[in-house]
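Dear colleague,

I am handing over the structure below, and after it you will find some notes on what was found. Please read them with the model open beside you.

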Amino acid sequence: MSTPNALRPPATEPRPYHFPDFSHERLPNGLTVWTVPLSDRALVSVHLIVDGGAAAESEAEAGIASLAAETLVTGTRRLDGHAFAEATERLGIEMSADSSWDLARAGFLAVAGSFEAGLELLAEMIHEPRFDEGEFDRLRQERLADILQARSEPGRLADEYFLRQVYPDDVPYGRLGAGSPESVEPLTVAQARAHHQRHWRPDRAHLVVAGPVSATEARQTVASAFGHWEGESPGHRSIRAADRGGRRIVIVDRPGSVQSELRIGHVGIARGDADYFSAIVMASLLGGTFSSRLNQRLREDLGYTYGARAAFDPRRSAGPFSARAAVHTEVTADAVRETLAILDGLQAAPPSADELRGVTDFLVGIFPLRFETTAGAAAGIEPVAVYDLDRGWWATYRDRIEAVGPAEVHAAAQAHIRPADSLILLAGDAAAVRPSLEAANLGPVEVIRPADGMTDAEGAEG
Amino acid sequence: MPQVPIERERLDNGLRVILSEDRRTPIVGVNLWYDVGSRNEERGRTGFAHLFEHMMFQGSANVAKGEHFALIQAAGGTLNASTWTDRTNYFETLPSHELELALWLESDRMASLLPAMTQEKLDNQRDVVKNERRLSVDNQPYGTAEERMQALMWPEGHPYHHSTIGSMEDLSAASMDDVSRFFATYYAPNNAVLTVAGDFDRDAAMARIERHFGPIPANPTLPAPPSGDVPDSLGGEVREVVADQVELPRIHLAYRIPPFGTDAHEAFNILSDVLGTGRASRLYRSLVRERQLAADVAAFVFPWAHGSTALGIWATARPEVSVETLEAQLLAEIDQLSTDGPTDEELARVRTLHAAAVEAGLEQIGERADRISQYACLFDKPDMVNTEVARYDALTAADIRAALGDRISADNRLVLTYVPDEDQTEDGEAAA
């Protein structure tokens, strides 16, 4: 081709970009206020984070951290649930509260003019929560309904059973952070109130403000709203993230399914792992982009799926690693074989410099897009605060990605990917997929029939 | 009130270009809307506009299969495309120094897709799209609801009668000849809008747009769009019960309403927010919080612009709640609102929420570009992106009641109820 437009056009000179400047200051009560001043923005993003996620609850109360967070938005001593919703929504705010394994969080996104009024309502919600018994019970029932719903959705069904089968029974990560029907059923509003009393305390808490607010203004406003907050929290438990281990195939039977939701993996890495950067680069090469090995092979070469990906889920302790795809029922065994071959290939040899370059260029180049919005900038502070990362985390992030070479990827694959020791779990039509999976001789095959009863009917066969 | 700069240009070949400069972050959004969607599909070819969208990533004269994704991602960008009834859009957001890369890739496939097309690629993407249908429709609880809604709300042969994902049978029937004809008919500069938003130099950007898109010939014989004309009302309640692999029953309601872009439509948009946006909304308050009949609720309008569109409302029953009880209360809330109209407090609430949501949408360069393209493509009015809030706020309670007319009535209502399929469970157990 000799037309002037036949070749990839060159890039122009890049404009330098860095993570927005931020500052932090600890108030006398222990609350750390983080400010990302973005003077050219119309919106303010506020995140209050406490060390009160699922890792801070006891297994006897599994799900209480999540329910306690949700119950916060059902009103204050002064305002009942509906009145509180009206008060926030009149400001254009939808107040949120949620939790994950490593944190519980409350906050909002608002136009700048609603920042102070929103912060006052947030403080009222934290200091004087209503914890109404009727509202708590409603949320508990909704949670039970949602867990029930999740089990009719093939993707969520596979996610839940993957965790249960990867971790041994005594490891908390083997369940959903939101709890199980058995653990949620007996929870009471008194337990939610106690969880809040114990864990929503300022000493380990962080409040992030990103938007057109100066550090001085943020500190003053936060001190006025949260300065009288008191107390100390015990923080999280330490979780020993052991692996069940062993190559096994587990079919979660969902008769009539036209696809199999496939999860292949094992226990992965913790957030603080020394190989964090080489592991996330490796996972991106494997299944983090459209051009990744898994998606190229399973989708673009074979047409088995609409999309395939792989990722670690690093937490304070080692979260799961999985490769995942929803594949046509007919090709399930072939898709498993192909995925295992790709995992084997990653261990067998380092990637070419060219292939790796595409991945590191992506992770480096996408950097400004991640922090484009005020909510994105606030989200960038969260891991720095929660995991106590060095303050230059984002300043050096791109250099650390670029320092990952083929040898580091290869080493990360050998250390953190274990195809021979992987759980192969799929939610699909057992009668349709079992014969070909057994014939493929990839490992012992078990079938779980959730329809027979969820708690103890893991009547493994074969 | 958010205002974004809008500058309009038109190339000689008819390509409409909209520029919206914003230098805050060194990123740029490139967004193309082609004025073709599933409403333009021929009989026996449902799903083709979307399948064709997939073929647009399979290479063009100067770009190999997979290279479009690989080059944009290696440049640090995100990208995708989507198809719906009224449009097919393609978009990239990437660091601003790579603007020309996105323009080159988009222009190469608009100019010269066909030399790269092969039967093998079509067969591969047909399989991918069938798996997309299985994932989002066939293997998903309630996944067929939108498709059934369309089939029941618009008559056979109407452009909105069939789903955008299409039927397996029609996907199987799609041929290379279809690909060639569809490309020649609809993928022309005079049938598209190109929006560039974010960090760019205006003159340099226009020069590059002219260089890459200018030489592409127009299609002088664009076909007339299909007529979307239908009566204002369904002319009688339509009911259907679907037994599906679901745990909890869900009631889907739909009403035929005026098309997106009209003031009358905006009244239903406001109505849907009063009903279903936020925890202070009527349906959340009544069905979820107070009566505890529903596990969740939603209300929304479909932004379809040709002839008519739909107001959609759904509620999932809590365990132990009968669908009859839930339906009765759901309809009572809707009917009461349409009779009395919203209160001043409710209007104030949804206006503030709406304005904040518009602000949050426009803060993202990619989303901003998409909204501009939408208004330019559907109405030739990109400035509508700057009047979204004013148009919403202008409607009073009296205006809204007047606009609703008798559209919220049993005669203009679809009630589509999903219930657990007991037979399927028994079959499954029998087979086990």
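Two residues are counted as in contact if their C-beta atoms, placed from the backbone, lie within 7 Å. This is a predicted model, in which local features need pLDDT of at least 70 and side-chain atom pairs count only at pLDDT 80 or more, while totals for chains, interfaces and linings use all residues. Residues are numbered from 1 along each chain as its sequence is written, and chains are lettered from A and ligands numbered from 1 in the order in which they are written.

I begin with the two chains together. On the side of chain B, 69 residues are in contact with 66 residues of chain A. H12(B) gives the largest share of that side of chain B, 9 residues, where helices (H or I, at least four residues) and strands (E, at least two) are DSSP runs numbered from the N terminus. By class, the residues on this side of chain B are 28 nonpolar, 23 polar and 18 charged, with Ala, Val, Leu, Ile, Met, Phe, Trp, Tyr, Cys and Pro taken as nonpolar, Asp, Glu, Lys and Arg as charged, and the others, Gly among them, as polar.

Next comes the interior. A residue is buried if 20 or more other C-beta atoms lie within 10 Å of its own, exposed if 12 or fewer, and partly exposed in between. A nonpolar core is a set of buried Ala, Val, Leu, Ile, Met, Phe, Trp, Tyr and Cys residues joined through C-beta atoms within 7 Å. The largest such core has 263 residues, and those with the most contacts inside it are Ala110(A), Leu122(A), Leu207(A) and Val281(A); H9(A) gives the most to this core, with 8 residues. Leaving out residues up to four places away in sequence, Ala110(A) touches residues including Leu43(A), Phe115(A), Gly118(A) and, from the other chain, Ala356(B).

Leu122(A) is one of the buried residues of H3(A), among them also Phe115(A), Gly118(A) and Ile126(A). What covers the buried residues of H3(A) includes strands E3 (43-50) and E5 (104-111) of chain A, together with helices H1 (64-72), H2 (81-89) and H8 (215-226) of chain A.

Finally, in chain B, Val129(B) lies in helix H4 and counts as buried because it has 24 C-beta neighbours inside 10 Å. Apart from its neighbours within four places in sequence, Val129(B) is in contact with His50(B), Leu51(B), His54(B) and Leu171(B); His54(B) and Val129(B) are 75 residues apart in sequence, yet 8.1 Å apart in space, C-alpha to C-alpha.

With best wishes
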